[in-house]
Amino acid sequence: MSIDWWALGLQAINALVLVWILARYLFRPVSAIIAERKDAAQAELRRAAQAMEKAEAAKSAADAERAAFARELSDLQDKAQYEAEEIKRQMRLSAEQEAAQIRQDAAKAVDQMQKDARHQMGEEAATLAVQIARKLLTRLPQEAQVSEFSTGLAEALAALPDATRSRIGAKGPVAVRAPRALTPEETAKLRGDISGALERDVQVAITVDPSLIAGFELDAQTAKVRNHLAADLMQIKEELVRHA
Amino acid sequence: MENPLITQPLFYVGPVPITSAVLVTWGIMACLTGFSVWMSGRLRTTPDGLQSAVELLVDTIDGQIRDTMNRDPEPYRALIGTIFVFVLISNWSSLIPGIEPPTAHLETDAALALIVFVATVIYGVQAQGVKDYLAGFADPSWVMIPLNIVEQITRTFSLIVRLFGNVMSGVFVIGIVLSLAGLFLPIPLMALDLLTGAVQAYIFAVLATVFIGSAVEGGHATAKPATKEPTQ
């Protein structure tokens with residue numbers, strides 16, 4: 001056995017050259033591409049982690065927003081329910097007020113109707129009473145229809161102001177209506193009473209008006225003086241109607 | 001059959017005799033160079049099957065170095081990886097009829113072991129400095145200096161003899177069986193030779209890693225690497 005030193009040297013050189021070649025063209029590029037892929041994978045993992053963090057953050061934000069929406073919805077529902085209750089209460093109150101007003105108006109109307117009915121009934125009753133009284137009074141005796149009424153007429157004339165009294169009968173006879181034609185005595189008494197009340201002598205013009213029932217009515221241009229039962233009945237009727 | 005212990009030059013380049021081992025080594029170098037250049041030109045971020053296999057090989061070598069030395073594999077990847085790939089392909093080149101593996105010759109194994117020895121010294125000095133590296137020979141006591149020096153030499157010889165003996169014996173046995181029996185009888189032995197060649201390539205690379213790791217860590221032969229030193 002012998003050692004070929006040339007071969008040993010050549011093989012050592014060959015091995016060293018092969019180390020350089022494989023390092024240059026195989027191991028370094030392959031390890032670089034592995035490192036590049038690992039870096040890319042790490043970058044992808046980082047991006048995925050970032051995307052996951054973003055997704056988590058977005059999910060949290062969405063959850064918070066959903067919770068806020070839910071709270072807002074609940075608040076809106078509460079508010080709507082409160083407003084509906086308030087509207088319902090207002091409507092009920094308004095309806096109650098309106099019903100009360102209607103009841104009050106109805107009561108007023110009924111009351112007014114009753115009052116009107118009572119007034120009408122009173123008026124009808126007064127009218128009926130006056131008609132009855134008129135019919136009864138028409139049955140008075142003839143002398144009772146005029147006797148003593150001239151005195152009352154004179155007292156009413158005397159109560160008038162002086163200026164008014166001075167103009168009555170100044171331009172002619174004083175117009176007097178009577179329920180029937182007067183006898184000369186009755187006419188003289190009437191003229192005397194009027195002249196006495198006017199404090200001067202005046203002429204009277206008698207006009208028959210059965211509607212007076214009893215009594216006289218002096219009709220001057222400046223004043224009318226009534227002292228007869230028809231006027232009294234009318235006054236009584238007005239009083240009855242007013243107090244019905 | 002030729003005596004595997006004797007190398008006959010095929011031709012001469014000037015005064016330099018070119019043996020079959022050198023010639024086959026050149027062929028292996030040419031193939032590996034062509035493959036590497038072709039492979040480096042088609043590397044993509046998304047690998048195909050072949051690139052995945054190459055990446056698996058490189059990643060496995062890196063993992064072996066990292067497990068053994070507890071260091072970044074980048075400075076040692078080229079040497080350890082080249083030794084593994086070259087020894088593996090050299091051992092498996094015996095499957096091609098008429099080709100005798102270069103590792104079946106003592107000069108090739110000696111050259112590889114010599115490179116590992118020199119690399120051990122260089123990496124050790126780089127990592128520790130000359131003084132600390134030399135001081136490591138006196139660890140644990142100066143009495144151990146001769147033994148440590150002898151161990152440095154003997155373990156290099158053990159690398160040579162282990163690889164040479166295993167590969168040469170395989171080739172020798174196959175040659176004997178082929179000459180005595182027939183054409184198809186050596187096939188099981190050749191299959192076994194494939195396994196032996198792979199195991200020897202692995203052992204040679206791992207031992208080189210252990211030796212370099214020991215030199216880098218300090219303590220030389222007394223250092224305890226992460227991976228137990230394989231024996232054959």
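About 3,300 Å² of area is buried between chain B and chain A, and carbon and sulfur atoms give 77% of it; buried area is the accessible area (1.4 Å probe) that two parts lose on being put together, summed over both. Met29(B), Thr82(B) and Glu107(B) supply 16% of the area that chain B buries against chain A, more than any other three residues. The model is predicted, so that local features need pLDDT of at least 70 and side-chain atom pairs count only at pLDDT 80 or more, whereas totals for chains, interfaces and linings use all residues. Residues are numbered from 1 along each chain as its sequence is written, chains are lettered from A in the order in which they are written, and side-chain values use heavy atoms, with hydrogens and water left out.

In the interface, 43 residues of chain B are in contact with 30 residues of chain A, contact meaning heavy atoms within 4.5 Å. The rule finds one salt bridge across the interface, defined as a side-chain nitrogen of Lys or Arg within 4 Å of a carboxyl oxygen of Asp or Glu. Glu55(B) forms a salt bridge with Arg37(A), with the closest N and O atoms 2.6 Å apart.

On the side of chain B that touches chain A, two or more residues each come from strand 2 (16-19), helix 1 (20-41), helix 2 (49-69), helix 3 (74-92) and helix 4 (106-128) of chain B. Helices (H or I, at least four residues) and strands (E, at least two) are DSSP runs, numbered from the N terminus. Helix 1 of chain B gives the largest share of this side, ten residues.

Aromatic pairs were also examined. The whole structure contains three such pairs over all chains, where rings of Phe, Tyr and Trp (its six-membered ring) pair if their centres lie within 6.5 Å, and planes under 30 degrees apart count as stacked, over 60 as edge-to-face and the rest as tilted. The ring centres of Phe35(B) and Trp38(B) are 6.1 Å apart and the planes stand at 50°, so this pair is tilted. Both residues lie in helix 1 of chain B, three residues apart, about one turn of the helix. Phe35(B) is partly exposed at 29% relative accessible area, and Trp38(B) is partly exposed at 47%; buried means under 20%, exposed over 50% and partly exposed in between (1.4 Å probe, protein chains only). For Tyr133(B) and Phe137(B), the ring centres are 5.6 Å apart and the planes at 90°, so the pair is edge-to-face. Tyr133(B) and Phe137(B) are both buried.
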